[in-house]
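Have a look at the structure, then read on.

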Amino acid sequence: MNLENGIKDIISKKLEDGTVEKLIGDELEKGIIRALDRILGSYGDVTKVIEEKVKAVMIPYLEGYDYSKYIVKLDSILVDVLKSSALENKKLLTNFKELMISDEKKKSIKSSELFEAWKKYVCKNVATSELEVEYDDGPSYECVEVTLTIDEDEGRNWSSFEYATLVLECEKDEDMNFAIRLSKYNKDKGAKWDISYDTAHDIKSLRYLNEFEIFLMKLAQNGTTLEADITDDSDDITPDAEPEASFS
């Protein structure tokens, strides 16, 4: 028996006892598994189709769901987290609560009201290290000049909107200053200004936001409009902080 006939004889026997058929079946099974893995894997075509269908159903449902009934429970959980975490997270929690648990939404606010709210913030937070101390009626820091101005942008004939910037400035402490963007539809003569306040909106940034920034963010996210009853005003305010008396 030569080599060629020997090979034919072995193949014939393997065909007869089913070995070749079994090997082909095993490889075919492996091929199907590999194909299914590619189709159904993380980046497979079928997976993408399923993902899109799930998104189409879940996202509108989640966006329209009322989460208000869970706020109290969420607040309780956050308090527990605060108790077991570093003290630096206290402000993050406080700011988060202010944004999430809001009082009745204001439909509109006057610029004079906004000015008053900011003046209270300045009185409470203005830096006093460079202020003179006065003793006329007991020791107190000198008055600080604050101003409000609304500067309208130069309009364009083709634009349907008007834009302006509401500027709050403190003479003695520039950290108190704010610039708030305003816009309105110019075809409506009685339209009020929409408020836009841009700041970082990730959770980590909440630790560094002050109370007036939170106030502005709530106005913007609630869609509160601004009625410009004053466009240019100033005042002298006295800081809340009281200096120690010195008679040297």
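Buried here means under 20% relative accessible area, exposed means over 50%, and partly exposed is in between (1.4 Å probe, protein chains only). This is a predicted model, so local features need pLDDT of at least 70 and side-chain atom pairs count only at pLDDT 80 or more, while totals for chains, interfaces and linings use all residues. Residues are numbered from 1 along each chain as its sequence is written, and side-chain values use heavy atoms, with hydrogens and water left out.

- K119 lies over the face of F115, 4.9 Å from the ring centre (the rule: NZ of Lys or CZ of Arg within 6 Å of the ring centre and within 35 degrees of the ring normal).

**Aromatic pairs**
- Rings of Phe, Tyr and Trp (its six-membered ring) pair if their centres lie within 6.5 Å; planes under 30 degrees apart are stacked, over 60 edge-to-face, the rest tilted.
- That rule gives seven aromatic pairs.
- One of them, F115 with W118, is stacked: 6.1 Å centre to centre, with 20 degrees between the planes.

**Cluster**
- Y121, F178, Y197, F212 and F215 make up one aromatic cluster.
- Y121 and F178 are both buried.
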